[in-house]
Amino acid sequence: MAIKRIFNLIFSCALAILSLGANAQDFSTTMFGEEEGLEGSFVNDAVQDEFGYLWVATEVSLSKYNGVDFLKLDIADTTGLSYATSLCSGGLDQMLVGLNTGFVLMYSASDVDTMFTGDSSSSIVQMLEYDNLFYGIDASFNFFGTNDSGTFSTIRLNQSEEIFANPNSFQITENKLVVGTNEGLYIWQLNHSDTVAEFVSYVPEFEFVNITALRTIDKNKLLVGTEDNGFWEINVENETESKHINVQRSMASLNVSDIQLIDEKHLWISTKFEGIYIIELNFEKEVTAQSLIRHLGSDIIPQETNKLMLDKEGGIWVGVPGAGMVQVLVNPFEYFEDAEFNFGKVNDVTSFTHDQLLIATDSGLIIARIHADKDSCSFNYFENAPRQTFSSLFFEKQNSVVAATVNGNVFRITTSLIEKIELKFDFTGIDLKSIRIDNQGNFWIILDGLGAAKFSPNGELLKRYDIANGFLTNDIRYIFFDLFDNIFFGTYVGGLVREGSDGDLSFVSKEDKFPFVDINTIYQHTNNRLVIGSSGSGLIIIENDSLYGFDKKDGLFDNYVVGIQTDENNNLWSIHRNGISRIDVDSRKIISFGKRDGFPEVPTMTNSFTADDFGNLWIGHHKGLTWLHSPVDNYSRTYFPTFFTAIKSNKNQVENQKQTSNNESQFFEHDKNNFSFEFVAISLRYPGRMKYEYKLEGANGEASDISSLNRAVYNNLSPGEYSFKVNTFFNGIKWTEQPIEYSFEIKKPFWQELWFYLLQFGVFFLLVLATIFIGIRQYTIYTKIMLYITLFLVFDYVEILVEPYFRGVTGSAPVFQVLSRLLLALFLFPIEGYLKGYFRKRNEERAVTTKTD
Amino acid sequence: MKIYFTVIGLVLFSLTSVAQAIPSKAEGFEYFVTFGKQAEASWGDDDFSQTIFFIIPKNYTKPFYIRIFDPEVGGMHDEKKGDFNTYTRFTLYGGKGAHSNKAARSIDPIPGYNSGVRIYSKTFGGQPQYDNKFYVMGPFKPIDGEYDANMGGYIFKITVDGVKGDDGNLYNFFLSSQSNSNVSIDGANAFTYEYALRLKSDGGVSHIYPFIDAGLSSVILYNFDYDKDGEVYVYTVSKNRHVSAVSADNVWAKQAHKMTKAEHNTSMDVQLFNKKGVNNNVTVYVLNQYEDAVGFFSVPIGGVPKYRYKVKVNITQ
């Protein structure tokens, strides 16, 4: 019998609304000030370079932060009074630094060059911006930029009348230079390579308004932050005529310090005294809509904030005047649990309406309402649903869910009624574990220990799936319908079973090279990938005809997979009992998150998860819910470039430290054979998780252990070719696709060169020849001495030559050295005797010949 | 090179200074007044510009704020002429020349009066959110000021200019270590060389406290547009209620006062009385015998001067 009730408001029921406000744990913050090594308390600017270093300019220092330490840099200045006011990354290995004196310096790995000196009127460089070229503006309204040859020159800003204002920021949109000042907004026409910019307009809406921030949205649209006039969106059309500007104002009372676009929809706004606001923008409408997602109050961050900077890992850096800066990380997980409510074990979770979830628990059916603006969630029992153990939920469509209790009651639940569905089956003594509905409206029920059953839309039993009907097991854990009308059964012990559209069953078993026999869950990902999660063997993906898998060795959090889900950005997530993994299937890279990332220490229930309309993942636990944040996508594939920070030969820095290919070795003299290598992959979010493995090829050495050690020293390298290679590991996963490599060659000393060996042999040969020649002519005492010397030299040379090889066999024991000398002597002794005899005989023959004559 | 203030004076300065409201409680009056540049000088502001100097002691390294009370023009306090149509610009300077430049120490906004490094500027029209409320300038770094060893700290300069309109902007300042409340900075002070102020209209007395340096033999006290609506008296350690000239409408009056040795390195108390119930804006400044402007301090150096009575004792037998 259908039970019909009209609900005016779901939440106007008798039970108390329990709002769980978002706590400060959804953001983690780290303060960086003097104690943490940052010199100075006013951050003028902060920028992350291509290597990952965070450059920070304060009123007293310029430094690079590598996630662990601040490395202070000298500002090349003879007065000692300069400080950095503005930073701009100019690409790999280049950072432009603007100073309070109007100078602009270029820092690279090896040098600091002065790029621009301004003139006598120059003052504080307010900002540098990169738009294919570099541009800057100083507090005296001197504007400058680089030309095609890369040199800076002044660009004169023509003015209709004197401008008293101070520029605070500027943006370049197509051919317009837009300058926000403390007294309004100015626009100039800026053509590439011109040295003069023509004045276009002063935007009347901003007369005397302090413009504190400008951000470009697209080619003609900018966001304008003001000091006490909220933030605006303006449209600067690309025409030479002035005053074609549409403005829209919002958040009128906001006192904006800076604006940072996090992604194409989300904005962070720092304010002078009110902390930070996170705004969601909808540009698709003609008039941009904005909604406040979150305000970071004093419980999370100091309320006086200025500069904002987004790093490559999704962290936000906020300047706090007088204190330094704060790193803000959005915690991926937020756990909701209400001890008072105590809804017991969560068996299933599903999306219900746009901002509501339904939760099947041991104590009943619960509705959770998401308060996106407050970042919180409130829970209520679903009125008129029986207080029974609900075991399963199935999302039919928006506002319609089918819910089943463990004792076989099935309901269709909408926002306006709850309707009982009768299944013609005796559930006495049988637990209903799961319910699904196929495209034809048939109900599919998993019975605990008794296989599965299929029912028609009107509740008639159509078919049983169990041992009696051909299954290998009655322990069916999951039923899945793919896009091609195949039905997959995930079982325990029986592996994967497929029922085709013709009703035939096929059993995919180990013999078919399918590795899993215990299956928890089945999911369809993009590109027709079928993803199967197991209990104990990780997960496997079937894509077309190929089969591949991921397990703990590949970085998966755990081999026990309780669920699989895709988020709004189409990332694949595997859910485990105490953690979660994000899998980039194409690159095979996995990032896992567990307890240390904030994942709650309560077990996750199998198949108890869902994704809401906002793209967040909700995961059911033993007695609560975890909300995996998605609006700020801080799981974008992060890239930690690995690079050498120092390569030294005999403690001297090697000039060219760029990674080389195998064909580009650097050469070193034989005595420059002591090397040290320092390398790093910088992560500002996970500084301690980087580990390295290195090896010196050519030295017959093994690869090092994987550790956090990022320095290697090699002394007394022999002449030869070498290649030092480093791989980086993050979270246990090899992160470098190719190792970074430094190839070099140590030249042989001249005495090891072939020509020197030949020369030696030549000399000895000549010596021997000379000895024989002289000995034949006259055999005197001097000839004997010469013979002894020649033989001694030969003996000594041979002995020195063979000794290393001999030592390699016998070691350094003196007895063996003496033995080797004795053997050599014994070898040479008969030669000496023979030569002496020969010389004597020849001399006697000559003497006889002479007498005869 | 002239030393603006003697060493003794500075010692006294350091002993007595506690930054507070400007104008201070000791000065007695509540508001400065700056008219828009289209105004008539006869309304009490001779040059539509005001310059105030702040000193941050060198041992104070934290950020500081300048809180401006009622900086906008409109609503409460301000003086309306027709409709409110006035804009007032507040500009903060530091760095080299902020005070050491001679033009900065002039009584008028002559070329160079805005010397130094411009740190911040804000222009106010009729912004109701600041009516009868504080606007907070800052935070600022002390090292951005002009360091003056004699003063023992960093000097900042605020110029207040009426850039447009003809209304009178009434406002005051607080030099604070906090952004959201008035918290004094130990050892800090404020001074200027000319005031355009709104005299107390409740019968109370307004004060200015020029510091009488050791080198001064006389000072000339100027006031403008007093409308003959009150009196001016001078008090020092040696002068007890000396009368000083009072100007009429839209004109200047001046009075010379000789300074004795006893008065050197002390402050002078110039008391400005106003007729009860009358809104009166006046401009005052003090020159020394060299016709250089004499600075007067928000917190009088050495304290408010007390006349030292000479007592003759006759011993009779």
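## Aromatic pairs

Y834(A) is exposed, its relative accessible area being 56%, where exposed stands for over 50%, buried for under 20% and partly exposed for what lies in between, computed with a 1.4 Å probe on protein chains only. Y838(A), with a relative accessibility of 28%, counts as partly exposed. The model is predicted, so that local features need pLDDT of at least 70 and side-chain atom pairs count only at pLDDT 80 or more, whereas totals for chains, interfaces and linings use all residues. Side-chain values rest on heavy atoms, with hydrogens and water left out, residues are numbered from 1 along each chain as its sequence is written, and chains are lettered from A and ligands numbered from 1 in the order in which they are written.

Because Y834(A) and Y838(A) are four residues apart in helix α3 (residues 814-852) of chain A, about one helical turn separates them. In chain B, F90(B) and Y171(B) form an edge-to-face pair, at 5.2 Å centre to centre and 85 degrees between the planes. This pair links distant parts of the chain, with F90(B) in strand β5 (residues 87-94) and Y171(B) in strand β10 (residues 168-176) of chain B, 81 residues apart, and both F90(B) and Y171(B) are buried. Helices (H or I, at least four residues) and strands (E, at least two) are taken as DSSP runs and numbered from the N terminus.

Strand β65 (residues 720-730) of chain A has eight of its eleven residues buried, so the rest of the structure largely encloses it. Strand β63 (residues 690-697) of chain A pairs with β65(A) in the antiparallel sense over eight bridges, pairing being assigned where DSSP finds at least two bridges between two strands, and E693(A) stands opposite N727(A) in β65(A).

Strand β67 (residues 740-746) of chain A also runs antiparallel to β65(A), joined by seven bridges, and within β67(A) it is F744(A) that is the bridge partner of Y722(A). Strand β66 (residues 733-734) of chain A pairs with β65(A) in the antiparallel sense over two bridges, with F730(A) opposite I733(A) in β66(A). Y722(A) and F744(A) belong to one aromatic cluster, which also includes F644(A), F668(A), Y692(A), F724(A) and Y742(A).

## Salt bridges

Counted over all chains, there are 28 salt bridges, each being a side-chain nitrogen of Lys or Arg within 4 Å of a carboxyl oxygen of Asp or Glu. The side chains of D258(A) and R215(A) form a salt bridge in which the closest N and O atoms are 3.5 Å apart. D258(A) lies in strand β24 (residues 256-261) and R215(A) in strand β20 (residues 211-216) of chain A, so that distant parts of the chain, 43 residues apart, are linked by the pair; both D258(A) and R215(A) are buried. R529(A) and E543(A) also meet in a salt bridge, at 3.0 Å from N to O, and both R529(A) and E543(A) are buried.

E678(A) and R711(A) are joined by a salt bridge of 3.2 Å, N to O. Because E678(A) lies in strand β62 (residues 675-681) and R711(A) in strand β64 (residues 711-714) of chain A, the pair ties together parts 33 residues apart in sequence. E678(A) is partly exposed at a relative accessible area of 25%, and R711(A) is partly exposed at 39% relative accessibility. Salt bridges with shared partners join E227(A), K272(A) and K122(B) into one network.

Neighbours within four places in sequence aside, the residues in contact with K454(A) include D438(A), F443(A), W444(A), E460(A) and Y465(A), contact meaning heavy atoms within 4.5 Å.

Methods: Rings of Phe, Tyr and Trp (its six-membered ring) pair if their centres lie within 6.5 Å; planes under 30 degrees apart count as stacked, over 60 as edge-to-face and the rest as tilted.
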